[in-house]
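Reader: Please take a close look at the aromatic side chains in this model and what surrounds them.

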Amino acid sequence: MSEAPSTPAAADAAGAVPRVLSGIQPTADSFHLGNYLGALRQWVSMQDTHDAYYCVVDLHAITIEHDPATLRRRTKVAVAQLLAMGLDPDRATVFVQSQVPEHAELAWVLSCLTGFGEAGRMTQFKDKSSKQGTGGTTVGLFTYPILQAADILLYSPEPGEGEGRALRVPVGEDQRQHLELTRTLAQRFNHRFGETFVLPEAHIPPGAAKITDLQEPDAKMSKSASSPQGIIDVLEEPGPMRKKIMRAVTDTGSEVVYDEEKKAGVTNLLRIYSALEGTSVADLERRYEGAGYGQFKKDLAQLVLDTFTPIRERTLKLLDDEARLDRVLAHGAGRASEVAARTMDVVRDRVGFVGRGS
Ligand code: AMP
Ligand code: TRP
């Protein structure tokens, strides 16, 4: 049995603590505002109410060309940021995907249940492969969503662990299709080999599921596509951070009002403000009635700074103590492995692999 989290998590109606699993790639020197509002903030709050598993997905990060030393550094920076945002290694299992080899093993089994055409329909694959060109597009990029399905289903609560126990996956809107594929593969496995996996539920925050680029408010804020001026990094220095918000594209007129069609820039800033402060968009519109964009942006810049400065400072401190980070990861890998190994034992047996005996 895996250890129960040391802080009591809220049980559901059936008396079982729901489980949460999510992952993020270590493919940048810092997470960005979209990652924070779309996913990571939920990771932190859900550790209090769920049996939580969060992984830094370095196997996914090598689906595009990478430099080994950079990957190693970014993996540590990613873990440090997660802890700095408030993940508590005693309450949540924080680990690095490659340290739990069952992820790759289950991905193989699931890939043998996935249609070639089905994988080819994934829109993220189509976007990414069109950027890489045929020469740069690897088979790993193609099977990326299947590895993601394995990440999730490995942590499927066992039937004996509580009937109807949920498996929730906090992610941004762009991951919806991958979650659908994961459910399809879970159902297919269950149908062919017997009830094994719980169907995971995407947990997508209503207001902040798609934060857009500050310079191109119709495009997603993205580490690969946004220009440096369009993206706010969590670890950004205060000066540039403030400037980027002050220079964010706003629209003609001067009214701070929500209008996705005509005022995509202001609408994005309102969403960010609302999510960070926990104030409704309607209340913000009233607060800034007649005030103009300047004051609105200045206040928003302050709010972003107040949120990210302590996270930046804590991250830098954590990076100074690599031995501590390594200890956290070893502890996390140990806890994740217990669950992953149990799931894989069941999977191997159901699929018909001969056990090694004892
Ligand atoms: P990625 O940066 O693509 O590895 O994404 C990590 C997590 O952040 C995923 O759950 C994404 O859905 C989420 N995410 C990425 N970009 C955004 C965005 N612009 N707005 C909201 N969520 C995002
Ligand atoms: N594909 C996800 C992204 O780009 C990252 C990811 C990998 C993930 N494995 C996961 C997210 C498992 C949730 C659950 O953001």
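Author: A residue is buried under 20% relative accessible area, exposed over 50% and partly exposed in between, with a 1.4 Å probe and protein chains only. Tyr 54 is buried on that scale, at 0%, and Trp 43 is buried at 1%. The model is predicted, with local features needing pLDDT of at least 70 and side-chain atom pairs 80 or more, while totals for chains, interfaces and linings use all residues. Residues are numbered from 1 along each chain as written, chains are lettered from A and ligands numbered from 1 in written order, and side-chain values use heavy atoms, without hydrogens or water.

The whole structure holds eleven aromatic pairs (Phe, Tyr or six-membered Trp rings with centres within 6.5 Å; stacked under 30 degrees, edge-to-face over 60, otherwise tilted). Trp 43 and Tyr 54 make a stacked one, with 4.7 Å between centres and 10° between planes. Trp 43 belongs to helix 1 and Tyr 54 to strand 2, residues 51-56, so their pairing ties together parts eleven residues apart in sequence. Tyr 288 and Phe 296 pair edge-to-face, at 5.2 Å and 75°; both residues are buried. Tyr 53, Phe 95 and Tyr 155 are joined by ring pairs into a cluster. The ring of Tyr 144 has the charged end of Lys 128 over it, 4.4 Å from the ring centre (cut-offs: NZ of Lys or CZ of Arg within 6 Å of the centre and within 35 degrees of the normal).

Helix 1, residues 33-46, also gives the most to the shell around ligand 1, with four residues. That shell contains seven nonpolar, seven polar and four charged residues. A polar side-chain atom of Asn 35 is 2.9 Å from an oxygen atom of ligand 1.

Terms used:
Polar contact = N/O pair within 3.5 Å; in protein donor to acceptor, adjacent residues only side chain to side chain. Helix = DSSP H or I, 4+ residues; strand = E, 2+ residues; numbered from the N terminus. Nonpolar A, V, L, I, M, F, W, Y, C, P; charged D, E, K, R; others polar.
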